[in-house]
Amino acid sequence: MNDIILITGNVKFTITLDPGVWIFDDRKIDLNTYFLNPSHGQQHEQQDEEEEIKKLSAFWDREIQEGAVFPPTLKTEKRFLKEKIITGTFAMPLAPFLRNAQPLPDAKELTIVTEHNEVTIPLEQAYEAILGFSKDGKPLREDGPVHFYFGDGSNREAPITHVRRFVIR
């Protein structure tokens with residue numbers, strides 16, 4: 001099975017996606033909690049940025065109070081984060097990749113080409129989509145490499161699977 005997915009068509013740049021490396025990407029989101037949060041989608045990137053600022057602030061506060069020596073609690077936190085990556089179910093927003101492809105001004109649709117059929121959606125709706133790439137810490141080998149979820153969660157129980165390519169028209 002080929003795990004590489006292309007974004008092609010009416011774009012300035014063809015983009016190659018490799019879901020196998022997304023586990024290390026800071027933009028990944030926890031798919032188990034994503035649809036439970038009513039303020040996701042376009043606000044999600046802004047929330048991530050705010051959370052990152054809070055984490056950095058807490059880190060520096062801890063550095064000031066406890067010094068630069070890492071107490072055992074930091075090691076425990078790191079172990080917890082590693083365990084979460086190994087056992088988590090994750091997805092990646094599609095929007096950054098679409099922006100990097102730079103769809104041409106007359107582009108209006110995204111066609112999701114799967115192993116079995118094609119699904120066409122408005123390009124605006126594609127910017128809100130997320131791509132599931134990991135379930136319980138394992139890549140989606142059998143029906144992947146990614147699952148396509150609409151941003152509103154309308155297909156979260158039955159995502160578009162066996163995705164092979166995205167074509168912007």
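**Figure 1. Surroundings of F166 in the predicted model.** Leaving out residues up to four places away in sequence, F166 touches I5, L6, I7, T8, L17, L94, L110, T111, I112, L131 and F148, where contact means heavy atoms within 4.5 Å. The model is predicted: local features need pLDDT of at least 70 and side-chain atom pairs count only at pLDDT 80 or more, whereas totals for chains, interfaces and linings use all residues. Residues are numbered from 1 along each chain as its sequence is written, and side-chain values use heavy atoms, with hydrogens and water left out.

**Figure 2. The largest nonpolar core.** This core has 29 residues, of which I7, L17, L94, L110, F148 and F166 touch the most other members. Two or more residues each come from β1, β2, β4 (90-93), α4 (95-101), β5, α5 (123-126), β7 (130-135) and β10. Another core, of seven residues, lies apart from it and includes L31, Y34, F35 and Y149. A nonpolar core is a set of buried Ala, Val, Leu, Ile, Met, Phe, Trp, Tyr and Cys residues joined through side-chain atoms within 4.5 Å; buried means under 20% relative accessible area, exposed over 50%, and partly exposed in between, with a 1.4 Å probe and protein chains only. Helices (H or I, at least four residues) and strands (E, at least two) are DSSP runs numbered from the N terminus.

**Figure 3. The open five-stranded sheet.** The strands follow the order β2-β1-β10-β5-β6, with mixed pairing. Because β2 (15-17) and β6 (118-122) stand at the edges with a single partner strand each, one side of each has no neighbour in the sheet. On average, neighbouring strands of this sheet are turned by 20° against each other, direction ignored; the axes are lines fitted to C-alpha atoms. Strands pair if DSSP finds at least two bridges between them. β1 (residues 5-9) is antiparallel to β2 over three bridges, and I5 has L17 as its bridge partner in β2. β1 runs parallel to β10 (residues 163-168), joined by four bridges, and G9 has I168 as its bridge partner in β10. Five bridges link the antiparallel strands β5 and β10, and L110 stands opposite I168.

**Figure 4. T114 in strand β5.** T114 belongs to β5 (residues 109-114) and counts as buried because its relative accessibility is 9%. The side chains of T114 and N117 are joined by a polar contact of 2.7 Å; such a contact is a pair of N or O atoms within 3.5 Å, where, within protein, one must be able to donate a hydrogen and the other to accept it, and residues adjacent in sequence count only if both atoms are side-chain atoms. Beyond neighbours within four places in sequence, T114 is in contact with I160, T161, H162, V163 and R164.

Figure 5. The N155 side chain reaches the backbone oxygen of F148 at 3.0 Å.

**Figure 6. Salt bridges.** The count comes to three, a salt bridge being a side-chain nitrogen of Lys or Arg within 4 Å of a carboxyl oxygen of Asp or Glu. R141 and D3 meet at 2.9 Å, N to O; R141 is in the loop between β8 (138-139) and β9, and D3 is in the segment before β1, 138 residues apart. R164 and E115 form another, with the closest N and O atoms 2.4 Å apart. R164 in β10 and E115 in the loop between β5 and β6 are 49 residues apart. In the R27 and D25 pair the closest N and O atoms are 2.7 Å apart; R27 is partly exposed at 33%, whereas D25 is buried at 16%.

Technical notes. Axes are lines fitted to C-alpha atoms, for helices over the stretch in contact, and angles run from 0 to 180 degrees between N-to-C directions.
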